[in-house]
Amino acid sequence: MSKKTLFDKIWEKHVVHRQEGHPDILYIDRHFIHEVTSPQAFNGLKKRGIPVFNTKKTLATADHNVPTKDQHLPIKDVLSRFQVDTLTKNCKEYGVELYDLNHPFQGIVHIIGPELGLTLPGMTIVCGDSHTSTHGAFGAIAFGIGTSEVEQVLATQCMLQYKPKRMKIEISGTLGKGVLSKDIILYIIAQISSSGGNGYFVEYTGSTIRALSMEARMTICNMSIEMGARGGLIAPDEITFEYIAQDRQFAPKGEALEQAKAYWKTLQSDEGAEYDAVLYFDADDISPMITYGTNPGMGIKIDGQIPTLSDLKNEKEHSSFINSLKYMDLEPGHALLGKKLDYVFIGSCTNARIEDLRLVADFVKGKKKAEGVEVLVIPGSKQVEKQAIKEGLDRIFIDAGFDLRNPGCSACLGMNEDKVPAGMYCISTSNRNFEGRQGPGARTFLASPLSAAAAAITGRVSDVRDFM
Amino acid sequence: MSDKKFTTLVSTCVPLPIENIDTDQIIPARFLKATTREGFGENLFRDWRYDSQGKEKPDFVLNDGQHQGEILVAGKNFGCGSSREHAAWAIRDHGFRVVISSFFADIFKNNALNNFLLPVQVSEYFLEKIWVQVKADAQVKITVNLESQTVSLPDGSSDGFDINTYKKACLLHGYDDIDYLLSMKEKIRDFEDQDKSGYLSTGKMATAN
Ligand code: SF4
């Protein structure tokens, strides 16, 4: 028998039909939808006069458009409200479960899947959202799809897919002080660029990954897409099983969990399985990271310097590099440490889970935010919010002068009321620093929750290790 | 999006020699609030096309009055970033039928093909050639032939491009993935019933409702 990667194993189990020259028909175990990328898909069903194929496998939530204040009131923005209302209407009409704004399970789609036990090892998971890769942390094939594909899955619980190439990224060693999983992924993307993973599905392995908690693993898989990969996954282990066993609403329990575990334990790449590409990284080389430019590959060590033109390997990158620095109003060769900030955003599907909030709270406890900087803390879900309050983290944030709000995508993307004003600098725990991503003209520095916490206290780009 | 069938296109082009054009530039998130597929063309490259007052920026290529056509030619790694299909809709809605680049982001490529927008990936060398010729003459006509999978310039130079046979057939005949998938419905039902995925046996108890 030929040796298989974990990715191959899961993929092969889900192929309904394979035909030469055609993409595989791939069965989807879990389909998440949200208000932005689903309305046109439901319109498609309507036009064809067909129902949702298997309503039990699709779950909806509202996250991108929602305000993070006064969530009990109707949404003020007419278009946002219409989009959220359309989702409600479609879910009702087609019999799809919806966790809307008033539901105790509402939250960012990639936060609620795992926390509710809906994301499990061995699954195929899709959502009309690129950061679906997050769910790969459980040893699932999870990837973002377009709206036409959302329609395919609604209509047939399947989609047409060519099998991507497989890449292994192995990271070994122990992380240094103040270095988080966010730094690992920002480091890797800075090394291989925002297109370095194009065409691949990544499996992360190695002792560094094995030592990470599930939530930290999710942060890594979340940003797989920022190197251009279709997704990223991590083989399940005891840490995965323990996470799932923590009273997750929809996860198997008792005997069923034991049975499932027996299967999940088989979800490993075979020794000697072949990948189309293999990369190795050493945890020792990884420091707290920050991006200076307008794609996530433009990252440096937080105490490093912005590259100069002569540092760039490829001359073709010069013009986009220059444009990028112009947009950011930064100079080549300069350091970012000490750069004054206007906003700190702690949130998004990358870093708004309870562990992230705990880390931040732990750091800021008894401290106050700097004058002149606005600090937004947006829990990833209603459950995260509830837990934070239960643990008293809310008090710590409020005492520090942070603005703790309700769950949603918030300032991760300029689609709801939370935006960074033009020309302002924001250090953000989210995943994208594209021009205008946090609002027209907004300037984003991507970093870890700890780096964001340190920045909140000093009002400047800071090296969290200086406080340790 | 009228004409779904694609065979050959001869057209002038709009050159956008910028690398890593991400989907947030193609269509900024704040314009994603529509619930239909139409109308996104108005906001294509919104923040490059218009200033904050909504006035056209005269030096942007879509506003300069010189460049028009059904072919968009862009720098490497076009369409990176979010999975929003709105990016493909916006480009198609604006009237483009082909995007030429030396590299496309994966999801964008899929989305484009699903919307009868043809992504044509050429060599860096050929892309360079297009830039030069368009710069010399904005009216230069590019020919894209799907049947032979070639793109050519009036001086006779040409380059080939890849497209998988399935998608090629879809475009040539104007049918889409859902038509194909729906024709396989029985097979899908059987698969579900047989519990083949191995996951499903544990997955049933994990459904949401
Ligand atoms: S938090 Fe940001 S990246 Fe995550 S789903 Fe929402 S908008 Fe997308």
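1. The side chains of Asp24(B) and Arg437(A) form a salt bridge at 3.5 Å, N to O, the term denoting a side-chain nitrogen of Lys or Arg within 4 Å of a carboxyl oxygen of Asp or Glu. Because Asp24(B) belongs to helix α1 (residues 23–26) of chain B and Arg437(A) to the loop between β18 and β19 of chain A, this pair joins two chains. Helices (H or I, at least four residues) and strands (E, at least two) are DSSP runs numbered from the N terminus. Asp24(B) is buried, with a relative accessible area of 3%, and Arg437(A) is likewise buried at 5%. Buried stands for under 20% relative accessible area, exposed for over 50%, and partly exposed for values in between (1.4 Å probe, protein chains only).

2. This is a predicted model, in which local features need pLDDT of at least 70 and side-chain atom pairs count only at pLDDT 80 or more, while totals for chains, interfaces and linings use all residues. Residues are numbered from 1 along each chain as its sequence is written, chains are lettered from A and ligands numbered from 1 in the order in which they are written, and side-chain values use heavy atoms, with hydrogens and water left out.

3. Arg437(A) is also one of the residues around the ligand, among them His64(A), His110(A), Asp129(A), Cys349(A) and Asn431(A); a residue is included if one of its heavy atoms lies within 4 Å of the molecule. The shell consists of five nonpolar, five polar and two charged residues, where Ala, Val, Leu, Ile, Met, Phe, Trp, Tyr, Cys and Pro count as nonpolar, Asp, Glu, Lys and Arg as charged, and the others, Gly among them, as polar. The ligand lies between domain 1 (6–161) and domain 3 (293–467) of chain A, because both give residues to its shell; the domain bounds come from an automatic or database domain assignment.

4. A salt bridge within chain A pairs Arg432(A) with Glu226(A) at 3.0 Å, N to O. Arg432(A) lies in the loop between β18 (425–428) and β19 (443–446) and Glu226(A) in the loop between α8 (214–222) and β11 (231–233), so the contact ties together parts 206 residues apart in sequence. Arg432(A) is buried at 1% relative accessible area, and Glu226(A) is buried at 3%.

5. In chain B, Asp47(B) and Arg30(B) meet in a salt bridge of 2.6 Å, N to O. Asp47(B) is partly exposed at 25% relative accessibility, as is Arg30(B) at 26%.

6. Over all chains, the structure holds 30 salt bridges.
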